[in-house]
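Student: Could you take me through this model feature by feature, giving the general idea before the particular case?

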Amino acid sequence: MSDRLFVQYQGETVRVLNLEMSLLSVGRTPDNGLALRDPSVAIRHAEVRLLSGQFVITDLGNGETYMGGRRLMPFQPQVLAEGALIQIGPYVLAYAPGQDTPPDVPEPEPAPDLNFAALPLAPARTPWPARPETKPASAYLDYLPALYTESDFLGRYLLIFETLWEPLQRRQEHIEMYFAPGTAPAELLDWLSSWLGLAPDPHWPESRKRLWVREAMSLLRWRGTPYGLRRIVELGCGVTPLIEEDAARPYHVRVLLPDPEPAGLQEVTRDSARQLIARHMPAHVLYEIVFVPASVTN
């Protein structure tokens with residue numbers, strides 16, 4: 001029977017993994033072998049690897065990993081003993097070699113009743129000198145042995161790389177926001193629309209472009225239909241057209257469009273409305289655009 005890893009959340013086992021692979025990545029995103037969906041879990045948090053017949057766990061330095069109540073040092077492999085408990089965020093990973101049930105979490109032993117008056121006083125320990133805070137120092141020093149914390153030059157030198165990499169790491173952790181219509185930067189909206197061949201008018205306001213990207217998939221599904229054309233004009237021009245189909249003349253439509261210029265729509269003109277309809281009208285359909293007062297289409 002293969003070794004198993006029991007994933008527990010709030011005291012309940014939510015997943016059981018058979019450790020039949022030589023490498024198991026642990027992180028927040030679904031591309032990890034073990035995905036733990038919680039903001040406190042890093043994208044690449046830790047990994048479990050088979051080395052010389054033993055499974056070891058390594059913290060990748062992007063978050064906090066605890067085993068047996070002790071925080072693991074980054075990039076320092078630790079052997080998984082039988083019954084080892086690893087805590088990553090709100091999750092507890094229980095390692096059980098060849099077992100069908102997770103090991104029990106040991107209860108803390110009661111503290112012995114000591115007579116402190118009879119105990120000898122230990123000599124005061126000299127505290128480790130704290131890193132001076134008068135000069136800026138890189139947080140990367142926390143991942144190095146304590147010997148290097150005394151180097152003021154190293155702290156300032158690592159601060160150069162931290163200043164460059166930290167914004168990139170924060171952006172990478174929230175990369176999905178760059179592809180969501182509601183949170184993407186304004187300069188990326190035209191680029192996102194171009195993926196689907198629905199480039200917006202450059203004169204549109206930002207709010208209209210975001211709505212255009214949000215409904216892009218729906219517009220493609222209804223493309224070539226009266227409803228699809230009507231919705232495209234509504235999004236692009238801010239007015240609702242009236243589309244008339246002539247049964248006597250197949251593949252011929254008449255588009256009655258409220259005149260945008262008398263209506264005071266500064267970002268919409270007759271030419272922009274014509275260009276929008278021409279781009280999204282089926283190639284085999286003949287059409288006629290008629291600008292009428294708004295009362296005609298209501």
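Tutor: We can begin with a sheet, an open one in which three strands follow the order β12-β13-β14 with mixed pairing. Its edge strands, each pairing on one side only, are β12 (242-245) and β14 (286-292), and the twist from one strand to the next averages 20°. Helices (H or I, at least four residues) and strands (E, at least two) are DSSP runs numbered from the N terminus, and two strands pair if DSSP finds at least two bridges between them. Bear in mind that this is a predicted model, in which local features need pLDDT of at least 70 and side-chain atom pairs count only at pLDDT 80 or more, while totals for chains, interfaces and linings use all residues. Residues are numbered from 1 along each chain as its sequence is written, and side-chain values use heavy atoms, with hydrogens and water left out.

Student: How many bridges join β13 to β14, and which residue is the bridge partner of R254 in β14?

Tutor: Strand β13 (residues 252-258) runs parallel to β14 and is joined to it by seven bridges; R254 has E288 as its bridge partner in β14.

Student: Which helices pack on the sheet?

Tutor: Contact here means heavy atoms within 4.5 Å, and axes are lines fitted to C-alpha atoms, for helices over the stretch in contact, with angles from 0 to 180 degrees between N-to-C directions. Helix α5 (residues 226-237) packs on the sheet by touching β12 and β13, its direction making about 155° with that of β12. Helix α7 (residues 270-280) also packs on the sheet, touching β13 and β14, and its direction makes about 155° with that of β14.

Student: At what angle do the axes of α5 and α7 cross, and which residues make the contact?

Tutor: The axes of α5 and α7 cross at roughly 145° and come within 10 Å. On the α5 side the contact is made by L229, I232, V233, G236 and C237, and on the α7 side by A273, L276, I277 and H280.

Student: Which residues of α3 are buried, and what covers them?

Tutor: A residue is buried under 20% relative accessible area, exposed over 50%, and partly exposed in between (1.4 Å probe, protein chains only). In helix α3 (residues 206-214) the buried residues are R208, K209, R210, W212 and V213, and their cover includes α2 (189-194), α4 (216-221), α5 and α7. A216 lies in helix α4 and counts as buried because its relative accessibility is 6%; leaving aside residues up to four places away in sequence, A216 touches L196 and L198.

Student: How should I read a pair of aromatic rings?

Tutor: A pair of aromatic rings is described by the distance of the centres and the angle of the planes. Rings of Phe, Tyr and Trp (its six-membered ring) pair if their centres lie within 6.5 Å; planes under 30 degrees apart count as stacked, over 60 as edge-to-face and the rest as tilted. The whole structure has 10 aromatic pairs. One of them joins W191 and W195, with ring centres 4.9 Å apart and planes at 80°, so the pair is edge-to-face. W191 is partly exposed at 41% relative accessible area, whereas W195 is exposed at 51%. W222 and Y227 also form an edge-to-face pair, 4.9 Å centre to centre with 70° between the planes.
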